[in-house]
Amino acid sequence: MKKNNEKMGIKGQVAIITGSASGIGKAIAERYAMGGAKVVIADFNLEIATAVAEEIKATGAEAMAIRMDVSSEKEVNAGVEAVVKAYGGIDILVANAGIQIVHPIGEFSLEDWHKVLGVNLDGAFITARACMKHMYLAKRGSIIFTGSVHSKAASPLKSAYVAAKHGVLGLARTIAKEGLSHGVRSNVICPGLVMTPLIEMQIPVQAKMLGISEDDVKNKVLRMADTEGMVATLEDVAEVAYFFAAMPTNCLTGQSIDVNYGLLCS
Ligand code: NAD
C-alpha cells in the first residue's frame, strides 16, 4: 500500500476566513491560528475584525484584518489581492460570511431575497473565484464553505437562506470537479444549530411571526428537542473546519459534513 508521507496540518499556511469578526468564523480563525496558520479576518465590520486580529496576534500567531463585503466583487477582489501582497499567496479560503432574514415567502420582498442570496451565495462564489485564481497558479488550495443543515433540508420562513445554502453545496461540488486537476479541493461544513448572534436574533422574531413561545421556537422550529437539547459548539464547528483544511491530500473534495448531533444524517 502506498504510504502518505505528508502529515496533517496547516502550519505556515495562509487562510482567509470571511465573516470572522463573530461567531463560527471567529472560532475557525482562532483554531487555524492555534494550528500555526497566518489568518486573515475578512469581515464587513473592520473595527471588530481588527480587534479579533489583535487578539489573535496577542497569542503569538500571525493575523491581519481586512474590510470585505463579500457581496461586492470590487471589495473581494481588492481584499484578496491585498492578502497576496502581504502574505505571498492563499492556501485556504473559508467562505463563511452569512446573514439570515426570516419571513413568510408570500410576503418576502425581492430586495430581501437578493440581500440574502447576495451575501450567502454570490459572496461564496465571488470569494472562491478570487482565491481560486491564485490557488490555480500555486496548484494547491483548500476551499471550505460554511453551508448549513439548510444546504440539505428546509424550514419555514427561510426561503432565501435555504435556497442560498442549497446553492452553496452545488457550487462546492462544481469547484471540486473543476479544481481537481489544479490541485484545489472544495468542501462544505453543514452545522445544525450553533448559538451565535445569527441564531439568537431569530428566536424572538420567529416566536412573534409564528405566535408561539421562544421555548417552542427552540424545541419545535429549531428542533432542539430532536437532539435532546444538544447543540454543536463553536469549537466543534472549528474542529471540522480544521480537519478539512489540514488533510494533506485532496482525497476529500466535493464532500459535506453535518455537524448537528444527528439532527439530519445525510
Ligand atoms: P454571526 O452573525 O455570528 O457572524 C456572521 C459574520 O459575518 C459577522 O461577523 C458579520 O459581520 C459578517 N458578515 C455579514 N455580512 C457580511 C458581508 N456582506 N461580508 C462580510 N462579512 C459579513 O453568524 P454565525 O452563526 O457565526 O454564521 C456564520 C456562518 O455559519 C453563516 O454562513 C451561517 O449561515 C452559517 N451557519 C450558522 C449556523 C448557526 O446555527 N449559527 C448554522 C448553520 C450555518
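Tutor: In this predicted model, G36 is found in the loop that lies between helix α1 (23-34) and strand β2 (38-43). G36 has a relative accessible area of 32%, and because buried means under 20% and exposed means over 50%, G36 counts as partly exposed. Leaving aside residues up to four places away in sequence, G36 touches I10, K11, G12 and Q13. A further pairing concerns E62, which is 26 residues from G36 in sequence, while the C-alpha atoms of G36 and E62 are 8.1 Å apart in space.

Taken along the principal axes, the box filled by the C-alpha atoms is roughly 55 × 45 × 35 Å. Of contacts between residues at least 6 apart in sequence, 70% join residues that are at least 24 apart.

Turning to burial and surface, buried residues make up 51% of the 266 residues, and the accessible surface of the protein comes to about 12500 Å², of which 57% belongs to carbon and sulfur atoms. Finally, the protein has 26 positive and 27 negative charges, and the mean positions of these two sets are 9 Å apart.

Key: Residues are numbered from 1 along each chain as its sequence is written. This is a predicted model: local features need pLDDT of at least 70, side-chain atom pairs count only at pLDDT 80 or more; totals for chains, interfaces and linings use all residues. Side-chain values use heavy atoms; hydrogens and water are left out. Buried means under 20% relative accessible area, exposed over 50%, partly exposed in between (1.4 Å probe, protein chains only). Contact means heavy atoms within 4.5 Å. Accessible areas come from the Shrake-Rupley method with a 1.4 Å probe; for residues, only the protein chains shown count as cover. Lys and Arg count as positive and Asp and Glu as negative; His and the chain ends are not counted. The place of a charge is taken as NZ of Lys, CZ of Arg, CG of Asp or CD of Glu. Helices (H or I, at least four residues) and strands (E, at least two) are DSSP runs, numbered from the N terminus.
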